[in-house]
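Thanks for coming, everyone. I'd like to walk through the side-chain contacts in one model. Please have a look first.

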Amino acid sequence: MKIGELAKRTGATVETIRYYEKEGLLPEHSRSAGNYRLYNDTHIERLQFILHCRTLDMTLDEVRVLLQYWDEPDRDCGNVDALLDEHIEAVEVRIKELMQLKQHLMDLRKKCLSSAPAVSCGILNALADNSCHQ
């Protein structure tokens, strides 16, 4: 199948497929007599694996490691467990950071409780005051 069909069947964009090829995440494809890229079911399976990892917010480096294990099915997967544990920890840190961001935004929102001229807007004035963030 051509790249457009691969994109359609996996929900990826053509640009995403080309990017993953450039990054070495997808195996080599063959070429048609007209020099079109040709893909098969192996490409579909691998691309779906990559896309699923990315929906879990895994980095390309994490995906590379997981693909190495995917490509060696007899290999012990203990390091896969460790990788996922590290990713979970990173997600927990990110959640904490996002909760802090949410609190900061809520505090900022409290600075302006009603409609007023922009010059006296508590939110705009707080955003302009760099001293509270240094």
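Start with Glu 21 and Arg 37. Their side chains meet in a salt bridge, N to O at 3.2 Å. By salt bridge I mean a side-chain nitrogen of Lys or Arg within 4 Å of a carboxyl oxygen of Asp or Glu. This pair links distant parts of the chain. Glu 21 is in helix α2, residues 14-22. Arg 37 is in strand β2, residues 37-38. Helices (H or I, at least four residues) and strands (E, at least two) are DSSP runs, numbered from the N terminus.

A word on the source. This is a predicted model, where local features need pLDDT of at least 70 and side-chain atom pairs count only at pLDDT 80 or more, while totals for chains, interfaces and linings use all residues. Residues are numbered from 1 along each chain as its sequence is written, and side-chain values use heavy atoms, with hydrogens and water left out.

Back to the pair. Is Glu 21 buried or exposed? Glu 21 counts as buried, because its relative accessibility is 16%. Arg 37 has 21%, so Arg 37 counts as partly exposed. The cut-offs: buried is under 20% relative accessible area, exposed is over 50%, and partly exposed is in between, with a 1.4 Å probe and protein chains only.

How many salt bridges does the rule give? The count comes to six.

Glu 23 forms a salt bridge with Arg 64. The closest N and O atoms are 2.6 Å apart. This pair also links distant parts of the chain, 41 residues apart. Glu 23 sits in the loop between α2 and β1 (30-31). Arg 64 sits in helix α4. Glu 23 is partly exposed, with a relative accessible area of 25%. Arg 64 is partly exposed too, at 25% relative accessibility.

Arg 64 has another partner. Its side chain meets Asp 61 in a salt bridge, 2.9 Å from N to O. Arg 64 and Asp 61 both lie in helix α4. They are three residues apart, about one turn of the helix. Asp 61 is exposed, because its relative accessible area is 54%. So what do we have here? Glu 23, Asp 61 and Arg 64 are linked in a network of salt bridges.

Now the rings. How many aromatic pairs does the structure hold? Two. Rings of Phe, Tyr and Trp (its six-membered ring) pair if their centres lie within 6.5 Å. Planes under 30 degrees apart count as stacked, over 60 as edge-to-face, and the rest as tilted.

Tyr 19 and Tyr 20 form a tilted pair, 5.9 Å centre to centre, with 50° between the planes. Tyr 19 is partly exposed, at 37% relative accessibility. Tyr 20 is buried, at 6%.

Phe 49 and Trp 70 form a tilted pair as well. That one is 4.9 Å centre to centre, with 35° between the planes. Phe 49 lies in helix α3 (residues 41-55) and Trp 70 in helix α4 (residues 60-71), so the pair ties together parts that are 21 residues apart in sequence. Phe 49 counts as partly exposed, at 22% relative accessibility. Trp 70 is partly exposed, with a relative accessible area of 42%.

Next, charges over rings. The rule is NZ of Lys or CZ of Arg within 6 Å of the ring centre and within 35 degrees of the ring normal. Lys 2 lies over the face of Tyr 36, at 4.0 Å from the ring centre. Arg 75 lies over the face of Tyr 69, at 3.9 Å from the ring centre.

Last topic, backbone. Which residues have a positive phi? Asn 35 is one of them, with phi near 70°. Asn 35 is found in the loop between β1 and β2. Asp 57 has a positive phi near 65°. Asp 57 is found in the loop between α3 and α4. At 44% relative accessibility, Asp 57 counts as partly exposed.
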